[in-house]
Amino acid sequence: MNVLVTGGAGYIGSVVVEELLSTGGKVVVVDDLSKGHRNAVPDQVAFVEGNIRDHQLMKEILIENQIEAVVHMAASSLVGESVKLPDKYFDNNVTAAKAMLDAMRVTGVNKIVFSSTAAVYGEPKRQPITESDALAPTNPYGASKLEFERELQRQRDEYGLVFTSLRYFNAAGATSRCGEQHDPETHLIPIVLQAAMGQIPSVGIFGDDYLTPDGTCVRDYIHVRDLARAHVLALKDLDGSKTYNLGCGGDGYSVRQVINAACDITGRKITETIMARREGDPAVLIASSEKIRRELGWEPEFQDLGVIIRSAWTWTIAPGKRVSHSM
């Protein structure tokens, strides 16, 4: 299958590209490099620097490469920033993505796997979250992703679009080639490892008075390679319209559990600083992955928190890190 990966120079996108290459298909990446990095894309992959809102460019890419399906990863993805800049999130995550869908429709490409988020559920009434739970995002990031999911459904009904939405959050860990490093850094595990390296003085904990076992927020953390394999499985099974959650299962991991695990793995002291809660942060978000396990046979191989953190730490301390990039 000839596959276009939007945002394929980013953290998760580049690992999706790695996994797609292992299947033997043709892979093309389009990325505007606003967050991703050119060296995250393997040499054997065709790369186009550009924005998905460029209708003519997208048509040319789809036609010239005989694209059969799209994996859509390109998006703005920071909850805190979305609260401050909601217009940016709806412009990038909805308006630009609709332009991409228009290019797909006029070129006859009707299959897409969408990188969505469990943030579409907001503050759920039960845990773990299932695909049938109410959709009530508490921040513009989740709201923008939900709006695009609804656009996919509309185009399914009007034009026969075939899609799968994968709802997840907190990709973490590293492959031997690709690791996570943002500027500025906002994701917990790389921040914790920065503190372990002495690059920052402490780890900020945004609220320690939540109704959780230790007072700190609880989240899923999924190894980026397991996440990438789910996208590949979804591509192979594109038929109709489907939605799957991707979660770690169990009780999830609190902020303090992540810090403590990192202390054990690195053998270094990590200082905490308690800060005010962030607007739009639910106390607990754990997504059940039972449905995708049952229907697509997805089985995470690197689910243990220690394994995830250790892979990130190994990449962090490696001399001459291979690739560092944003989401």
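Author: Two strands pair if DSSP finds at least two bridges between them. Keep that in mind for the sheet. This is a predicted model.

Reader: How many strands form the open sheet, and in what order?

Author: The general idea comes first. Strands of a sheet pair through backbone hydrogen bonds, either parallel or antiparallel. Here, 7 strands form an open sheet, and the pairing is parallel. The order is β3-β2-β1-β4-β5-β6-β12.

Reader: Which are the edge strands?

Author: Look for strands that pair on one side only. They are β3 (46-49) and β12 (241-245). Neighbouring strands in this sheet are turned by 15° against each other on average, direction ignored.

Reader: How many bridges join β2 to β3?

Author: There are 4 bridges between β3 and strand β2, residues 26-31. These two strands run parallel.

Reader: Now the helices. At what angle do α6 and α8 pack?

Author: Begin with helix geometry. An α-helix has 3.6 residues a turn, so residues three or four places apart point the same way. Now take helix α6 (residues 188-197) and helix α8 (residues 255-266). They pack at about 45°, and their axes are 10 Å apart. That angle makes α6 oblique to α8. Their crossing is right-handed.

Reader: Which residues of α6 and α8 meet?

Author: From α6, take L188, I189, V192, L193 and A196. They meet V255, V258, I259, A262 and T266 of α8. Sorted by class, this contact has 9 nonpolar residues, 1 polar and no charged ones.

Reader: Why is α6 largely enclosed by the rest of the structure?

Author: Count its buried residues. Buried means under 20% relative accessible area. In α6, 9 of the 10 residues are buried, so the helix is largely enclosed by the rest of the structure. The buried residues are L188, I189, P190, I191, V192, L193, Q194, A195 and A196.

Reader: What do the buried residues of α6 pack against?

Author: Their partners are β7 (171-172), β8 (178-180), β9 (203-206), α8 and α10. Check the end of the helix as well. Just after α6, G198 takes a positive phi of about 80°.

Reader: Take T316. Where is its place, and is it buried or exposed?

Author: T316 lies in helix α10, residues 305-317. Its relative accessible area is 17%, so T316 is buried.

Reader: How many residues apart in sequence are T316 and R229?

Author: They are 87 residues apart in sequence. In space, T316 and R229 are 23 Å apart, C-alpha to C-alpha.

Note on methods
Residues numbered from 1 in each chain as written. Predicted model: local features only at pLDDT ≥ 70, side-chain atom pairs only at ≥ 80, totals over all residues. Heavy atoms only, no water. Axes fitted to C-alpha atoms, helices over the stretch in contact; angles between N-to-C directions. Parallel < 35°, antiparallel > 145°, perpendicular 65-115°, else oblique. Left-handed = near helix turned anticlockwise from the far one by under 90°. Contact = heavy atoms within 4.5 Å. Nonpolar A, V, L, I, M, F, W, Y, C, P; charged D, E, K, R; others polar. Buried < 20%, exposed > 50% of the residue type's maximum accessible area, 1.4 Å probe, protein only.
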